[in-house]
Every structure is written in C-alpha cells, then in structure tokens.
Amino acid sequence: MKPGPGTYRTGGRVYASVLGLLSERPPLVQVIPLSGRYIPKPNDTVIGTVTDVQGTFWLLDIGAPRWAPLHMTGTPWQIDVGETERFLRVGDSVVVQVENLDPTGRIGVTMNGEGLGKLEGGTIVAITPARVPRVVGRNGSMVETIRQYTGAQVAVGQNGRVWVGGTPEAIHRVSEVLRIIEENAQHSGLTERIESYLKSSESAGERGPETPPEEHAHRDAPPRTLESAEPDEETLTVEDDSNEPTEPGER
Amino acid sequence: MGNVGAKEVPVLLSPEGLRIDGRRLDELRPIRLQVGALHNADGSAFVEWGQNKVMAAVYGPREVHPRHLQQSNKAVIQCKYNMAAFAVDERKRPGLDRRSQEISKVIGEAFESVVFAEEYPRTSIDIYIEVLQANAGTRCAGLVAASLALADAGIPMVDLLPAVAVGKVAGKIALDLKKEEDNFGEADLPIALVPQSGRLVLLQMEGHMTEEELSQALELGVQGCREIYEKMKAALRERYATGPMGGSA
C-alpha cells in the first residue's frame with residue numbers, strides 16, 4: 001500500500017499526519033481530514049470576499065491558506081487599469097472558480113463562466129469545508145430540501161461558504177439548519193432528519209413547504225447550481241478513526 | 001505544628017511518601033481535555049490540569065502578517081503564550097514579559113519540529129495560548145492544549161506533543177509539580193515528547209539534580225507523557241464521536 005494524502009512514512013511504517021478517517025483503497029492508504037482549512041482544487045466553485053484591491057487585480061479570501069488573486073481579465077467586465085475599485089471593493093463577495101494552482105501555493109481564480117459573478121444581498125454563512133458534501137447531500141438532495149422548505153435561495157461554495165438569500169426569516173432558518181447539519185455531520189440519514197425538522201418547525205411557524213423562492217434585493221440572479229455532489233459523502237460516515245493503520249503516531 | 005505562615009516551607013512529602021495534595025510521586029494531577037472549545041478559530045482546545053486552566057487557539061495556515069516574515073519554502077509558526085492578569089493570586093502585570101517571550105519561543109520551536117510546514121509555503125500558522133488560571137506547569141498545559149488545537153485545525157504533524165514537568169521535591173523525583181512543590185522544591189524539568197519517535201522537543205531545567213536523578217526524572221517524564229498522550233487521543237476521538245444526534249432536530 002502506498003502512503004497517500006494525510007499520511008507519512010518513516011522507518012518502514014505509515015502514520016497518519018492529520019486527524020481524520022482512514023481510507024484504504026488499494027494501492028493507496030490515506031486519511032481524509034475531518035477538519036481544516038479549504039484546500040483548493042481546480043474547477044471548484046467557491047465564494048470569496050475581496051480583501052485587497054490593486055490596479056489590475058483583487059485579492060480574495062476564499063478560506064484557503066492563501067489569498068487568491070482575481071485578475072481583471074478573469075472577469076466578464078471591460079476594465080481599464082486602475083479602475084478595478086469601481087467594480088469590486090473590499091468586503092464585496094463573489095462567486096469564482098478555481099482555475100489553476102501552482103506548486104508555490106498560488107491560487108488562480110476566474111469569474112468568467114456560468115453562475116459566476118458578484119453576489120448582491122443575502123448573507124454568507126461559513127461552515128467547515130469538510131462538511132460541504134453533507135450540506136449538498138447526494139445529488140444535491142439536502143440543499144434542495146432546504147430550499148423547498150425555507151423558500152430561501154442557497155448557493156454552496158466548495159470552500160464552505162454558503163450564500164443565503166431571501167427574507168430575513170428564511171435566512172435565519174437556513175443558518176439554523178446549517179448549524180444543525182454541521183453539529184451532526186457524522187450521522188447517517190441526515191437529509192430525512194433535516195426534512196422532518198423543517199416540517200415540524202414550520203407547523204409551529206409561518207410558511208408552507210412549496211413556497212417558491214422569492215426574488216429579492218439583488219440585480220444579478222444569483223447562481224444556484226454551485227454544488228457538485230461528492231462521491232465520498234456517505235463513505236465518510238461508515239469509518240471510524242479507531243481502526244487506523246498506524247500505531248504510535250496514529251490519531 | 002501551630003500556625004504555618006505563608007513564607008514557611010510546607011511539608012512537601014509525608015512520611016508515608018504522599019505529596020502535599022495526596023498524590024504519589026509518579027502520579028499526575030487530574031486532567032480534562034476539551035477539543036474544539038472556540039468557534040472562530042480553525043482549531044482550539046481547553047485544558048484543565050490540576051488547578052491550571054489554559055485555552056489554546058490555532059489559526060491558519062493563513063496569510064503572513066507582517067509580510068516580511070513570510071518564507072518561500074514553508075509555513076512560519078508564530079506562537080504567543082500569554083498569562084492573564086488574574087491567573088495568579090497576586091495580580092500579574094499584564095502583557096509581554098521575558099517569561100512569556102521565552103515560553104512562546106520554546107513552544108513555537110517545539111512545534112516547528114513536528115509540523116509539516118513545507119506543505120504550506122508562504123503562510124503562517126498562528127498559535128495562541130492563554131493561561132486563565134495558573135498553578136505550575138502552565139507551559140506544559142499550554143503545549144498540550146496547542147497540540148490538540150493544531151490537530152483540530154487539521155494541520156499535518158508527525159505526532160501530537162504531550163508534555164509534562166518532572167521535579168525534585170523533598171529530595172525525591174516527582175511527576176507533575178504543583179505550585180507549592182515548584183516554589184519550594186529543588187528542581188523543575190519540563191519536557192515535551194514526540195511519542196512516535198521517542199524524541200524530546202522541549203527540555204528545560206531549573207534548580208539542581210545529580211546525573212542519576214536527571215536520568216530518573218527523564219524516564220518518569222517520558223512515562224507521564226505517554227499517559228497524557230492516551231488522554232489526548234481520547235479527547236480527539238470524543239470530539240468526533242458518533243453519539244446520539246444532538247442539536248434541536
């Protein structure tokens with residue numbers, strides 16, 4: 001077996017280097033982290049916040065170890081050098097796609113593409129990136145359930161930032177649901193439980209299940225198709241870290 | 001015995017061989033480890049160890065501030081140990097002092113030898129250790145808390161870093177000194193162990209010991225570290241245990 005991500009080899013043995021779940025898929029042994037910052041992958045759609053504006057580019061905080069430069073040529077806009085701040089300012093949020101990564105850790109992102117652009121209105125809720133597959137659900141089932149029952153608009157970035165739009169009540173309910181998912185991510189059958197939770201809190205409250213999403217307070221229609229279902233989603237729940245391959249260095 | 005004044009040396013070791021708080025020589029104080037105590041940090045842990053209470057938070061890998069500290073081939077590890085003004089009986093003057101600078105340095109360097117910093121070039125891993133209540137052994141408690149916080153933050157490392165102080169009390173080598181033993185004892189020797197390799201990554205000493213006593217103390221310290229190591233692993237498992245579903249659902 002070859003040591004994969006989340007492991008290291010020394011003295012002929014393989015040890016875990018991060019806290020996580022053991023995955024043995026011959027010929028690879030790896031540890032899937034349970035926590036940690038977002039590690040960018042090419043083609044991931046992520047939600048970022050502008051932290052700095054330069055003459056020809058912006059720096060985005062996408063929750064990764066480094067800020068990601070978004071060059072003005074990577075936007076759908078026609079911009080002159082030095083005019084970047086007219087389009088995006090510090091604190092603005094955008095949906096971008098990870099284009100390339102270089103070995104030094106630089107992250108290239110683009111805003112050219114379907115569903116990418118500036119976010120207007122709404123709220124961003126941050127969750128642990130490792131929990132994103134749970135929030136999305138199998139083929140987007142979880143996020144679809146949330147949309148249906150709350151009437152909110154929800155866009156999930158692969159980096160663990162979730163954009164929520166709609167009425168203040170809807171936004172509140174979605175953040176509540178996200179908190180519950182985050183706290184119970186290791187449980188199976190989560191989508192069903194969330195559904196019954198949403199149903200029950202609804203009977204006590206205000207709105208019917210099939211309320212169509214309200215268009216609210218933003219000019220550009222926000223993207224609603226960010227999430228890609230991760231195949232690892234269910235396998236994460238079956239393994240326990242107590243059966244790790246390693247002895248002294250395990251955790 | 002009559003009145004025992006504050007300045008008078010207390011009886012550190014009873015004729016039966018028990019210490020001031022009733023422990024045996026090789027016994028640790030009670031330890032409670034809680035992983036994930038803070039919401040905003042990437043990783044965090046709270047440690048209650050005897051009468052010590054220590055909080056640790058880890059942020060990163062993230063952009064380096066100030067910029068010039070950035071290293072092109074690896075992450076920099078910035079550690080800050082701080083003791084609250086209210087952590088000790090007599091109010092401590094708040095802020096940086098030589099003691100906290102020293103402890104920040106030795107703890108930071110201990111972690112530099114176990115963290116795989118090359119995986120995150122041009123970034124910073126920031127460790128904050130806050131001592132809320134102190135009763136000797138806070139650097140070890142801080143190190144244990146920081147180590148759990150790093151694991152909680154998903155930072156790749158060779159291993160967790162258990163740490164403990166050994167000392168010489170009333171002529172005997174004793175594990176995990178408490179305040180009175182530290183103040184009136186003859187020596188204090190904090191160590192931090194990498195269980196995977198058996199290496200020590202922190203070793204300091206204050207006071208006097210013979211060569212024999214030193215090797216006896218190291219042996220006892222390593223044994224104590226292994227005991228703490230098991231507790232640390234248990235605390236991490238507990239964080240992600242699949243118990244009954246909580247929350248309001």
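Predicted model: local features only at pLDDT ≥ 70, side-chain atom pairs only at ≥ 80, totals over all residues.
Figure 1. Along its principal axes, the C-alpha trace of chain B spans about 60 × 50 × 40 Å. Buried residues make up 47% of the 249 residues of chain B.

**Figure 2. Secondary-structure elements of chain B.** Chain B contains 4 helices and 10 strands. Read from the N terminus, these elements of chain B follow the order β-β-β-β-α-β-α-β-β-α-β-β-β-α.

**Figure 3. An open sheet of 5 strands in chain B.** The strands of this sheet in chain B are arranged in the order S1-S2-S3-S5-S4, and their pairing is mixed. Strand S1 (31–35) and strand S4 (76–83) of chain B form the edges, each pairing on one side only. On average, neighbouring strands of the sheet are turned by 15° against each other, direction ignored.

**Figure 4. Pairing of S1(B) with S2(B).** Strand S2 of chain B comprises residues 43–49 and pairs with S1(B) in the antiparallel sense. The pairing of S1(B) and S2(B) extends over 5 bridges. Within this view, B:Arg32 is placed opposite B:Glu48, a residue of S2(B).

**Figure 5. Helices H1 and H2 of chain B against the sheet.** Helix H1 of chain B, residues 98–112, packs on the sheet and touches S4 and strand S5 (124–133) of chain B. The direction of H1(B) makes about 145° with that of S4(B). Helix H2 of chain B, residues 138–152, lies across S1, S2, strand S3 (52–62), S4 and S5 of chain B. Relative to S2(B), helix H2(B) runs at about 150°.

**Figure 6. The contact between chain A and chain B.** Chain A contributes 27 residues to this contact, and chain B contributes 31 residues. On the side of chain A that touches chain B, helix H3 (168–183) and helix H4 (190–203) of chain A each supply at least two residues. H4(A) gives the most to that side of chain A, with 3 residues. By residue class, the side of chain A that touches chain B divides into 11 nonpolar, 10 polar and 6 charged residues.

Methods: Residues numbered from 1 in each chain as written. Chains lettered and ligands numbered in written order. Pairing = 2+ DSSP bridges. Axes fitted to C-alpha atoms, helices over the stretch in contact; angles between N-to-C directions. Contact = placed C-beta atoms within 7 Å. Nonpolar A, V, L, I, M, F, W, Y, C, P; charged D, E, K, R; others polar. Buried ≥ 20, exposed ≤ 12 C-beta atoms within 10 Å, placed from the backbone.
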